Amino acid sequence: MTPLAESVLAGLLQAGGEYRSAAELLPLEGRAQVWNAVQELRAAGCHIEGRTRRGYRLTDTSALVHPSTVEPFLTTRRVGRFFETLAQTDSTNREIKARADSLPDGAVIWADRQTAGRGRQGRSWNSDAGSALQFSVLWKPLHMSASTGALVTQVAGAALARALDFCPLLGIKWPNDLMAGGKKLCGILAEMMTDGEEVAWICIGVGLNVNQLVFPADLPHAGSLALATGRSWARGPLLARLLNNLERELEVFEARGPKAALDLCREKSTLLGHQITCEGGGGLAVGLDDAGRLLVRDCEGNIRALLSGEAHLGSDRGA
Ligand code: BTN
(Lines give C-alpha, C1' and ligand atoms only; values in the text may rest on other atoms or scores of the structure.)
Protein backbone atom coordinates (compact mmCIF):
# COMPACT_ATOMS: atom_id res chain seq x y z
CA MET A 1 0.00 0.00 0.00
CA THR A 2 1.35 3.47 -0.81
CA PRO A 3 2.25 5.77 2.10
CA LEU A 4 -0.60 8.15 1.18
CA ALA A 5 -3.15 5.33 1.24
CA GLU A 6 -1.71 4.18 4.60
CA SER A 7 -2.19 7.72 5.99
CA VAL A 8 -5.75 7.99 4.70
CA LEU A 9 -6.58 4.56 6.13
CA ALA A 10 -5.11 5.54 9.50
CA GLY A 11 -7.23 8.73 9.50
CA LEU A 12 -10.41 6.88 8.53
CA LEU A 13 -9.84 4.15 11.14
CA GLN A 14 -9.26 6.77 13.81
CA ALA A 15 -12.50 8.49 12.79
CA GLY A 16 -14.41 5.33 13.77
CA GLY A 17 -16.96 5.52 10.95
CA GLU A 18 -17.41 9.33 11.02
CA TYR A 19 -16.70 11.55 8.02
CA ARG A 20 -13.29 13.16 7.58
CA SER A 21 -12.62 15.84 4.96
CA ALA A 22 -9.84 15.52 2.41
CA ALA A 23 -7.96 18.29 4.22
CA GLU A 24 -8.23 16.44 7.53
CA LEU A 25 -7.10 13.20 5.97
CA LEU A 26 -4.08 14.54 4.11
CA PRO A 27 -3.43 18.14 5.21
CA LEU A 28 -0.38 18.52 2.97
CA GLU A 29 -1.90 17.09 -0.21
CA GLY A 30 -4.62 18.08 -2.68
CA ARG A 31 -8.05 16.51 -3.19
CA ALA A 32 -6.81 14.50 -6.18
CA GLN A 33 -4.21 12.72 -4.02
CA VAL A 34 -6.87 11.91 -1.42
CA TRP A 35 -9.15 10.60 -4.16
CA ASN A 36 -6.35 8.38 -5.53
CA ALA A 37 -5.62 7.05 -2.06
CA VAL A 38 -9.33 6.31 -1.52
CA GLN A 39 -9.45 4.43 -4.82
CA GLU A 40 -6.43 2.39 -3.77
CA LEU A 41 -8.10 1.54 -0.46
CA ARG A 42 -11.31 0.54 -2.22
CA ALA A 43 -9.33 -1.79 -4.48
CA ALA A 44 -7.78 -3.29 -1.34
CA GLY A 45 -11.22 -4.15 0.06
CA CYS A 46 -12.27 -1.08 2.09
CA HIS A 47 -15.80 0.18 1.65
CA ILE A 48 -15.52 3.97 1.75
CA GLU A 49 -18.41 6.39 1.31
CA GLY A 50 -17.66 9.81 -0.17
CA ARG A 51 -19.97 12.84 0.22
CA THR A 52 -19.63 16.35 -1.17
CA ARG A 53 -18.65 18.85 1.56
CA ARG A 54 -18.39 16.08 4.20
CA GLY A 55 -15.49 13.97 2.94
CA TYR A 56 -15.05 10.24 3.38
CA ARG A 57 -16.01 7.62 5.92
CA LEU A 58 -15.15 3.96 6.31
CA THR A 59 -18.22 1.72 6.34
CA ASP A 60 -16.74 -1.80 6.14
CA THR A 61 -13.28 -3.32 6.42
CA SER A 62 -14.27 -6.98 6.35
CA ALA A 63 -12.52 -7.65 3.03
CA LEU A 64 -9.41 -5.68 3.97
CA VAL A 65 -6.25 -7.62 4.85
CA HIS A 66 -3.86 -5.17 6.46
CA PRO A 67 -1.93 -4.97 9.75
CA SER A 68 -4.84 -2.95 11.19
CA THR A 69 -7.30 -5.82 10.57
CA VAL A 70 -4.92 -8.70 11.39
CA GLU A 71 -2.58 -7.69 14.23
CA PRO A 72 -5.28 -6.95 16.84
CA PHE A 73 -6.28 -10.63 16.59
CA LEU A 74 -2.78 -12.17 16.56
CA THR A 75 -1.70 -14.03 19.68
CA THR A 76 1.57 -15.31 18.22
CA ARG A 77 5.19 -14.68 19.21
CA ARG A 78 6.75 -15.59 15.87
CA VAL A 79 4.26 -16.20 13.09
CA GLY A 80 3.00 -13.01 11.46
CA ARG A 81 5.16 -10.65 13.55
CA PHE A 82 6.76 -9.72 10.21
CA PHE A 83 3.71 -9.23 7.98
CA GLU A 84 3.72 -7.91 4.44
CA THR A 85 0.68 -7.49 2.22
CA LEU A 86 0.87 -7.22 -1.54
CA ALA A 87 -1.93 -6.25 -3.90
CA GLN A 88 -0.42 -8.60 -6.47
CA THR A 89 2.52 -10.90 -6.94
CA ASP A 90 3.26 -13.97 -9.02
CA SER A 91 3.39 -16.34 -6.03
CA THR A 92 3.77 -15.69 -2.31
CA ASN A 93 5.79 -18.92 -2.05
CA ARG A 94 8.22 -17.57 -4.60
CA GLU A 95 8.41 -14.24 -2.71
CA ILE A 96 9.20 -15.94 0.60
CA LYS A 97 11.70 -18.34 -0.90
CA ALA A 98 13.57 -15.57 -2.73
CA ARG A 99 13.95 -13.62 0.53
CA ALA A 100 14.21 -16.54 2.98
CA ASP A 101 17.75 -15.75 4.12
CA SER A 102 16.94 -12.16 5.09
CA LEU A 103 13.37 -12.60 6.42
CA PRO A 104 12.86 -13.56 10.08
CA ASP A 105 11.44 -16.85 11.29
CA GLY A 106 7.64 -16.61 11.16
CA ALA A 107 7.52 -13.99 8.39
CA VAL A 108 4.22 -13.93 6.49
CA ILE A 109 3.65 -12.56 3.02
CA TRP A 110 0.04 -12.26 1.90
CA ALA A 111 -1.20 -11.30 -1.58
CA ASP A 112 -4.67 -10.40 -2.77
CA ARG A 113 -3.87 -11.72 -6.23
CA GLN A 114 -1.32 -14.17 -7.58
CA THR A 115 -0.54 -14.23 -11.28
CA ALA A 116 1.31 -17.56 -11.10
CA GLY A 117 0.05 -19.18 -7.89
CA ARG A 118 1.46 -22.68 -7.51
CA GLY A 119 -0.19 -25.83 -6.24
CA ARG A 120 1.00 -29.33 -5.38
CA GLN A 121 2.07 -31.77 -8.09
CA GLY A 122 3.00 -28.94 -10.48
CA ARG A 123 -0.55 -27.61 -10.68
CA SER A 124 -1.50 -23.94 -10.62
CA TRP A 125 -3.58 -22.18 -7.95
CA ASN A 126 -5.96 -19.45 -9.06
CA SER A 127 -8.20 -17.20 -7.06
CA ASP A 128 -10.05 -13.94 -7.63
CA ALA A 129 -8.82 -10.88 -5.77
CA GLY A 130 -10.96 -9.73 -2.84
CA SER A 131 -12.34 -13.08 -1.70
CA ALA A 132 -9.58 -15.53 -0.76
CA LEU A 133 -6.61 -15.79 1.58
CA GLN A 134 -3.33 -16.57 -0.13
CA PHE A 135 -0.21 -16.38 1.97
CA SER A 136 3.10 -18.01 2.80
CA VAL A 137 4.78 -18.48 6.15
CA LEU A 138 8.54 -18.82 6.57
CA TRP A 139 9.43 -21.26 9.30
CA LYS A 140 12.98 -21.78 10.53
CA PRO A 141 12.98 -24.63 13.08
CA LEU A 142 16.12 -25.20 15.14
CA HIS A 143 17.89 -28.52 14.60
CA MET A 144 15.15 -30.42 12.82
CA SER A 145 16.06 -33.30 10.52
CA ALA A 146 14.89 -33.01 6.94
CA SER A 147 12.89 -36.24 7.28
CA THR A 148 10.97 -34.81 10.25
CA GLY A 149 10.56 -31.47 8.45
CA ALA A 150 8.82 -33.26 5.59
CA LEU A 151 5.88 -33.86 7.95
CA VAL A 152 5.20 -30.13 8.15
CA THR A 153 2.71 -30.45 5.35
CA GLN A 154 0.41 -32.56 7.56
CA VAL A 155 1.16 -30.47 10.63
CA ALA A 156 0.00 -27.39 8.71
CA GLY A 157 -3.13 -29.23 7.54
CA ALA A 158 -3.96 -30.13 11.15
CA ALA A 159 -3.33 -26.55 12.29
CA LEU A 160 -5.67 -25.10 9.69
CA ALA A 161 -8.31 -27.74 10.46
CA ARG A 162 -8.20 -26.64 14.11
CA ALA A 163 -8.50 -23.02 13.01
CA LEU A 164 -11.57 -23.85 10.92
CA ASP A 165 -13.23 -26.11 13.50
CA PHE A 166 -16.42 -24.03 13.21
CA CYS A 167 -16.91 -25.21 9.60
CA PRO A 168 -19.44 -28.05 9.29
CA LEU A 169 -18.25 -31.34 7.75
CA LEU A 170 -14.63 -30.22 7.70
CA GLY A 171 -12.23 -33.00 6.78
CA ILE A 172 -8.58 -33.45 5.85
CA LYS A 173 -7.95 -35.25 2.59
CA TRP A 174 -4.50 -36.82 2.70
CA PRO A 175 -1.99 -35.38 2.64
CA ASN A 176 -3.31 -31.95 3.58
CA ASP A 177 -6.29 -30.63 1.57
CA LEU A 178 -9.09 -29.23 3.69
CA MET A 179 -12.49 -30.32 2.47
CA ALA A 180 -16.09 -29.62 3.45
CA GLY A 181 -18.85 -31.80 2.05
CA GLY A 182 -16.63 -33.12 -0.75
CA LYS A 183 -15.48 -29.64 -1.86
CA LYS A 184 -11.92 -28.41 -1.47
CA LEU A 185 -11.64 -25.23 0.61
CA CYS A 186 -7.93 -25.04 1.17
CA GLY A 187 -4.65 -26.27 -0.29
CA ILE A 188 -1.18 -26.20 1.22
CA LEU A 189 2.15 -26.22 -0.61
CA ALA A 190 5.15 -26.62 1.70
CA GLU A 191 8.62 -26.23 0.22
CA MET A 192 11.76 -27.03 2.21
CA MET A 193 15.39 -25.90 1.99
CA THR A 194 17.90 -28.14 3.73
CA ASP A 195 21.32 -27.45 5.15
CA GLY A 196 23.09 -30.79 5.18
CA GLU A 197 20.78 -33.20 7.02
CA GLU A 198 18.82 -30.43 8.71
CA VAL A 199 16.01 -28.09 7.72
CA ALA A 200 17.28 -24.58 6.91
CA TRP A 201 13.76 -23.25 6.38
CA ILE A 202 10.33 -24.28 5.17
CA CYS A 203 7.95 -22.10 3.20
CA ILE A 204 4.35 -23.02 4.00
CA GLY A 205 2.02 -21.67 1.32
CA VAL A 206 -1.71 -21.63 2.02
CA GLY A 207 -4.60 -20.91 -0.32
CA LEU A 208 -8.01 -20.73 1.38
CA ASN A 209 -11.20 -20.01 -0.51
CA VAL A 210 -13.08 -17.69 1.81
CA ASN A 211 -15.95 -15.74 0.30
CA GLN A 212 -16.24 -17.04 -3.27
CA LEU A 213 -19.79 -18.06 -4.17
CA VAL A 214 -19.16 -19.35 -7.68
CA PHE A 215 -16.26 -21.21 -9.25
CA PRO A 216 -15.31 -21.82 -12.86
CA ALA A 217 -16.97 -24.84 -14.44
CA ASP A 218 -13.61 -26.60 -14.78
CA LEU A 219 -13.26 -26.66 -10.95
CA PRO A 220 -16.29 -28.79 -10.00
CA HIS A 221 -14.73 -29.84 -6.67
CA ALA A 222 -13.84 -26.34 -5.46
CA GLY A 223 -15.70 -24.90 -2.49
CA SER A 224 -15.36 -22.01 -0.09
CA LEU A 225 -15.82 -21.29 3.56
CA ALA A 226 -18.77 -19.04 2.72
CA LEU A 227 -20.51 -21.83 0.79
CA ALA A 228 -19.80 -24.33 3.57
CA THR A 229 -20.98 -22.10 6.41
CA GLY A 230 -23.67 -20.00 4.71
CA ARG A 231 -22.09 -16.65 5.59
CA SER A 232 -19.20 -14.45 4.56
CA TRP A 233 -16.07 -13.98 6.67
CA ALA A 234 -13.90 -10.96 7.48
CA ARG A 235 -10.55 -11.83 5.99
CA GLY A 236 -8.21 -10.05 8.44
CA PRO A 237 -9.40 -11.70 11.68
CA LEU A 238 -9.71 -15.03 9.86
CA LEU A 239 -6.09 -14.80 8.70
CA ALA A 240 -5.00 -14.06 12.29
CA ARG A 241 -6.89 -17.17 13.46
CA LEU A 242 -5.08 -19.30 10.87
CA LEU A 243 -1.69 -17.88 11.89
CA ASN A 244 -2.40 -18.37 15.61
CA ASN A 245 -3.21 -22.02 15.03
CA LEU A 246 -0.25 -22.52 12.70
CA GLU A 247 2.17 -21.23 15.31
CA ARG A 248 0.62 -23.36 18.07
CA GLU A 249 0.76 -26.56 15.99
CA LEU A 250 4.29 -25.84 14.69
CA GLU A 251 5.56 -25.26 18.23
CA VAL A 252 4.00 -28.51 19.45
CA PHE A 253 5.60 -30.26 16.47
CA GLU A 254 9.01 -28.72 17.27
CA ALA A 255 8.81 -29.65 20.94
CA ARG A 256 7.02 -32.99 20.90
CA GLY A 257 6.97 -34.28 17.32
CA PRO A 258 4.08 -34.88 14.90
CA LYS A 259 1.86 -37.18 17.03
CA ALA A 260 -0.82 -34.61 17.91
CA ALA A 261 -1.07 -33.39 14.31
CA LEU A 262 -1.17 -36.91 12.85
CA ASP A 263 -3.84 -37.93 15.36
CA LEU A 264 -6.02 -35.05 14.14
CA CYS A 265 -5.29 -35.98 10.50
CA ARG A 266 -6.53 -39.52 11.29
CA GLU A 267 -9.61 -38.27 13.13
CA LYS A 268 -10.56 -35.85 10.36
CA SER A 269 -9.48 -37.99 7.42
CA THR A 270 -11.90 -38.08 4.50
CA LEU A 271 -10.18 -41.18 3.08
CA LEU A 272 -9.60 -43.64 5.95
CA GLY A 273 -12.02 -46.54 5.83
CA HIS A 274 -12.94 -45.85 2.19
CA GLN A 275 -12.01 -47.30 -1.17
CA ILE A 276 -9.64 -44.92 -2.91
CA THR A 277 -7.82 -44.54 -6.16
CA CYS A 278 -4.17 -43.53 -6.15
CA GLU A 279 -1.06 -43.84 -8.26
CA GLY A 280 -0.29 -47.45 -9.00
CA GLY A 281 -3.84 -48.64 -8.32
CA GLY A 282 -6.35 -48.30 -5.53
CA GLY A 283 -7.60 -50.10 -2.49
CA LEU A 284 -8.95 -49.54 0.99
CA ALA A 285 -7.34 -46.70 2.96
CA VAL A 286 -6.61 -48.47 6.23
CA GLY A 287 -4.34 -46.12 8.15
CA LEU A 288 -1.95 -43.23 8.42
CA ASP A 289 1.39 -44.29 9.89
CA ASP A 290 3.66 -42.27 12.19
CA ALA A 291 5.66 -41.09 9.18
CA GLY A 292 2.52 -39.55 7.65
CA ARG A 293 2.20 -42.24 5.00
CA LEU A 294 -1.24 -43.34 3.84
CA LEU A 295 -1.62 -47.12 4.15
CA VAL A 296 -3.64 -48.70 1.36
CA ARG A 297 -4.68 -52.36 1.25
CA ASP A 298 -5.22 -53.76 -2.23
CA CYS A 299 -7.68 -56.52 -3.16
CA GLU A 300 -4.99 -59.17 -2.56
CA GLY A 301 -4.43 -57.96 1.00
CA ASN A 302 -1.05 -56.30 0.34
CA ILE A 303 -0.46 -53.02 2.14
CA ARG A 304 1.30 -50.15 0.41
CA ALA A 305 2.51 -47.01 2.19
CA LEU A 306 2.09 -43.83 0.11
CA LEU A 307 4.60 -41.16 0.99
CA SER A 308 3.28 -38.44 -1.29
CA GLY A 309 1.09 -37.95 -4.32
CA GLU A 310 -2.64 -37.89 -4.83
CA ALA A 311 -5.44 -40.07 -3.57
CA HIS A 312 -9.13 -39.78 -4.28
CA LEU A 313 -12.29 -41.30 -2.89
CA GLY A 314 -13.65 -44.20 -4.96
CA SER A 315 -13.22 -43.61 -8.64
CA ASP A 316 -13.91 -39.88 -8.27
CA ARG A 317 -10.75 -38.02 -9.27
CA GLY A 318 -11.65 -34.84 -7.44
CA ALA A 319 -13.21 -35.57 -4.08
C1 BTN B 1 -2.61 -27.35 -3.60
O2 BTN B 1 -3.65 -27.71 -3.09
O3 BTN B 1 -2.26 -27.78 -4.70
C4 BTN B 1 -1.74 -26.34 -2.87
C5 BTN B 1 -2.15 -24.94 -3.19
C6 BTN B 1 -1.30 -23.91 -2.46
C7 BTN B 1 -1.63 -22.51 -2.93
C8 BTN B 1 -0.95 -21.46 -2.09
S9 BTN B 1 -1.61 -19.86 -2.40
C10 BTN B 1 -0.32 -19.13 -1.49
C11 BTN B 1 0.95 -19.89 -1.82
N12 BTN B 1 1.60 -19.35 -2.98
C13 BTN B 1 1.60 -20.20 -4.00
O14 BTN B 1 2.07 -19.97 -5.13
N15 BTN B 1 0.97 -21.33 -3.65
C16 BTN B 1 0.55 -21.30 -2.27
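Here is a short tour of this predicted model, going from the whole chain down to single residues.

**Before you click.** Residues are numbered from 1 along each chain as its sequence is written. The model is predicted, so to speak of local features pLDDT must be at least 70, side-chain atom pairs count only at pLDDT 80 or more, and totals for chains, interfaces and linings use all residues, while side-chain values use heavy atoms, with hydrogens and water left out.

**Whole chain.** Along its principal axes the C-alpha trace spans about 80 × 45 × 30 Å.

**Burial.** Now colour by accessibility. Of the 319 residues, 49% count as buried (under 20% relative accessible area; exposed is over 50%, partly exposed in between, with a 1.4 Å probe and protein chains only).

**The largest core.** Select L133, F135, I204, L208, L239, L243 and L294. In the largest nonpolar core, which has 60 residues, these touch the most other members. A core here is a set of buried Ala, Val, Leu, Ile, Met, Phe, Trp, Tyr and Cys residues joined through side-chain atoms within 4.5 Å. Zoom in on F135: leaving aside neighbours within four places in sequence, its contacts (heavy atoms within 4.5 Å) include W110, I204, L239 and L243. A second, separate core has 16 residues, among them A22, L26, L41 and L64. In soluble globular proteins, nonpolar side chains tend to be buried together.

**N93.** Next, pick N93 in helix 5, residues 92–98. Is N93 buried or exposed? With a relative accessible area of 4%, N93 is buried. Not counting residues up to four places away in sequence, N93 touches R118, S136, L189, E191, C203, I204 and G205.

**P27.** Last stop: P27, in the loop between helix 2 (22–25) and helix 3 (31–43). P27 counts as exposed, at 65% relative accessibility. Draw a distance from its C-alpha atom to that of A161, 134 residues apart along the chain, and you get 46 Å.

Technical notes
Helices (H or I, at least four residues) and strands (E, at least two) are DSSP runs, numbered from the N terminus.
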